[in-house]
Amino acid sequence: MSEARSYPRIVATDVGDIEFRLMSRADEAAVLAFARALPSHDLLFLPRNISEPKVLSAWIAEIERGQITSLLAIKGGEVVGCSAVVRDPHSWSPHVGEIRMVVSPGVRGQGVGRALSQETFALALAAGLEKLTVQMTVDQRGAIALFESLGFRAEGLLRDQVRDVDGKTHDIVVFGHDVARVRAQLEAYGVPGAVGD
Ligand SMILES: CC(C)(COP(=O)(O)OP(=O)(O)OC[C@H]1O[C@@H](n2cnc3c(N)ncnc32)[C@H](O)[C@@H]1OP(=O)(O)O)[C@@H](O)C(=O)NCCC(=O)NCCS
């Protein structure tokens, strides 16, 4: 999936230059430290808890199998964000990719999330995906604002879908983006390659 875009890339944000590069097994310890420093509530949108070494190792195995492409956002040698495009080419949804993303609380609100989401979106489009989804707990206002601004629209609400460490349940909202249709509309207006190329 990543061959269509080259890394590393440096992007200027309000918190300084951020390097984006693909995640690999060599990043395991740094990503574990990043995940363990996150509030556990911020991990509820993920199917599994990535602050568990076993879960992280399985994630890296999926990267190695090509089912997940993950980007890291690095500032001063430290992981401050990560994202993933998850797809299952053997399912009935080979054209769909799920985007997952989280940024360190210490650098939020300074453009890292926007830059990472745009890069992840571009990566998914370059891979030829036609529809993208993203999901989060309904109280993640930053995430909802960010993905709505990228053209995602709410498609579903899963009530009491996740249970946090204190036993409290939370609703999950699922957003979708029909990138193939947007691309076709733009091309009809004479804007070829306007989405993500
Ligand atoms: C979503 C998340 C990645 C955003 O990261 P970030 O670095 O704070 O994002 P940015 O600073 O680039 O802000 C992105 C946009 O969202 C908006 N935004 C950020 N936080 C917001 C908030 N609390 N309320 C409303 N809007 C907010 C900003 O206004 C910004 O828009 P702009 O670029 O037009 O100014 C981060 O909040 C996060 O990691 N959340 C927890 C994980 C999660 O729920 N992920 C969702 C699943 S993909």
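Tutor: Let us begin with burial: a residue is called buried when its relative accessible area is under 20%, and exposed when that area is over 50%. In this predicted model, both Glu 119 and Arg 5 are buried.

Student: What do the side chains of Glu 119 and Arg 5 form where they meet?

Tutor: A salt bridge pairs a side-chain nitrogen of Lys or Arg with a carboxyl oxygen of Asp or Glu within 4 Å. Here the side chains of Glu 119 and Arg 5 form such a salt bridge, at 2.7 Å from N to O. Glu 119 belongs to helix H3 and Arg 5 to the segment before strand S1, so the pair ties together parts 114 residues apart in sequence.

Student: How many salt bridges does a search of the whole structure find?

Tutor: The search finds eleven. Among them is the one between Asp 171 and Arg 159, whose closest N and O atoms are 3.7 Å apart. This pair links strand S8, which holds Asp 171, with strand S7, which holds Arg 159.

Student: Is Arg 159 buried or exposed?

Tutor: Arg 159 counts as exposed, because its relative accessibility is 60%.

Student: How many helices and strands does the chain have?

Tutor: The chain has five helices and eight strands. Its radius of gyration is 16 Å, close to the 16 Å that the globule rule gives for 197 residues, so the chain is as compact as a globular protein of that length.

Technical notes. Residues are numbered from 1 along each chain as its sequence is written. This is a predicted model: local features need pLDDT of at least 70, side-chain atom pairs count only at pLDDT 80 or more; totals for chains, interfaces and linings use all residues. Side-chain values use heavy atoms; hydrogens and water are left out. Helices (H or I, at least four residues) and strands (E, at least two) are DSSP runs, numbered from the N terminus. The radius of gyration is taken over C-alpha atoms; the globule rule is 2.2 Å times the number of residues to the power 0.38. Buried means under 20% relative accessible area, exposed over 50%, partly exposed in between (1.4 Å probe, protein chains only).
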